[in-house]
Amino acid sequence: MSVTPASDHAVPASRQVLAVMVMVPLLAALALWAFAWPATRTAPRDLPLGVAGPAAATAPLEQRLASHEGAFEIHRYADEAAARTAVGDREVYGAVVVTPQGPHLLTASAASPVVAQLLTQAVASSSPPGAPAAPVTDVVPTPAADARGAAFGASVLPLALAGVAAGALVSLTGLRGGRAVTAVLGAAALVGLTGAALAHSWLGVLTGNWWAEAGVLALTVAAVAGGVAGLHALLGKPGIGLGVLLVVLLGNPFSGAAGAPQLLPEPAGLVGQWLPPGAGSSLLRSVAFFDGAGAAGPALVLSLWAVLGVTAVMVAGRRRPAPAGSTPAAQPRVAAAAPAPRP
């Protein structure tokens, strides 16, 4: 029987060169689009903004704000106390309180320093000509160590890379079933503890409950790692590439961590909140600065990614056939003894 040489099935070198020449520019174009497109289209889109005060007094202000077509989603409140509560509960990014002395702007720079600055400019542009600048009160300020929110925004990519690395290593090292899940969850827990130690204890850019922040960081990494490992279990090695595409090339620039999801072009802001980086950054803001307000939605998204991912890993581990050579050795057949001859 003739044996076909392995080289006969190898991809010709010319095709390999062509594949590299085509794929690299395509990936570069995709990365440039994913990162540059949202950055060049940043603008408020239905940004939740509160207006507080008597209806007769707030009506002119609402009309002026409505001139920014599609920019703001107006929420009405009876007084300043209700508006402050709404800002602290993350219902709105800020609120304009109309008083006899003029408008008073409430912001929450911890929700987004970029949005706080944008609201200040929008209220100033909506004031009558010659009117004094509206006073601004930062209800939930950013930590002094990260006044511009730069460190918070920069935390998304390291978490995404840590999750991708954990999911890829678990997949490529051949771990299956319970061992794979243990590796994913163990790595995520250690990243969470390390991240909280660095961001909270050392840098001071997070100011909430230490253990809650560590849990959020761990859940974010578990969602990414579980998703990558689950996609590998379902699709093989292409699943890892799909995970990198979703988490790094789309999830990171669409997360809104550096600004807000409502500042991104549609549907990038919405898509980003359904991917682990966006959900993780929203959950971390809630836990670190707002005592958990608004945490339910992003926590559910991250949990779904983690649970579905590890479930796919467990199911694939049970269905995967045992490696060659691992089956028990065949038992030798013993021939039945011939009956003894009759005397």
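Q: At what angle do helix H7 and helix H8 pack, and how far apart are their axes?
A: In this predicted model, helix H7 (residues 177-202) and helix H8 (residues 210-235) pack at an angle of about 140°, and their axes lie 7 Å apart.

Q: Why is H7 called oblique to H8?
A: An angle counts as roughly antiparallel over 145 degrees and as roughly perpendicular from 65 to 115. The angle of H7 to H8 is about 140°, which makes H7 oblique to H8. The crossing of H7 past H8 is right-handed.

Q: Which residues of H7 meet H8?
A: Val184, Leu185, Ala188 and Ala189 are among the H7 residues in this contact, and their counterparts in H8 include Trp210, Trp211, Glu213 and Ala214.

Q: How do the residues of the contact of H7 with H8 divide into nonpolar, polar and charged?
A: The contact holds 16 nonpolar residues, five polar and one charged. Glu213 in H8 takes part in this contact, and Glu counts as charged.

Q: What makes H6 roughly antiparallel to H7?
A: The axes of helix H6 (residues 156-172) and H7 cross at roughly 155° and come within 10 Å. Angles over 145 degrees count as roughly antiparallel, and therefore H6 is described as roughly antiparallel to H7. H6 passes H7 in a right-handed crossing.

Q: Which residues make the contact of H6 with H7, and how do they divide by type?
A: Leu159, Ala162, Ala166 and Val170 of H6 meet Ala180, Ala183, Val184, Ala187 and Val191 of H7. The division is nine nonpolar, no polar and no charged.

Q: Why is Ala57 called partly exposed?
A: Buried requires under 20% relative accessible area and exposed requires over 50%. Ala57 has 34%, so Ala57 is partly exposed. This residue is found in helix H2 (residues 55-66).

Q: Which members of the largest nonpolar core touch the most other members?
A: They are Phe72, Leu119, Leu206, Phe289 and Phe290, in a core of 57 residues. Apart from this core lies another, of nine residues, including Ala166, Val170, Val181 and Val313.

Q: What does Phe290 touch, not counting residues up to four places away in sequence?
A: Phe290 touches Val87, Gly88, Arg90, Ala108, Ala110, Ala111, Val140 and Arg285.

Note on methods. Residues numbered from 1 in each chain as written. Predicted model: local features only at pLDDT ≥ 70, side-chain atom pairs only at ≥ 80, totals over all residues. Heavy atoms only, no water. Core = buried A, V, L, I, M, F, W, Y, C linked by side-chain atoms within 4.5 Å. Buried < 20%, exposed > 50% of the residue type's maximum accessible area, 1.4 Å probe, protein only. Contact = heavy atoms within 4.5 Å. Axes fitted to C-alpha atoms, helices over the stretch in contact; angles between N-to-C directions. Helix = DSSP H or I, 4+ residues; strand = E, 2+ residues; numbered from the N terminus. Parallel < 35°, antiparallel > 145°, perpendicular 65-115°, else oblique. Left-handed = near helix turned anticlockwise from the far one by under 90°.
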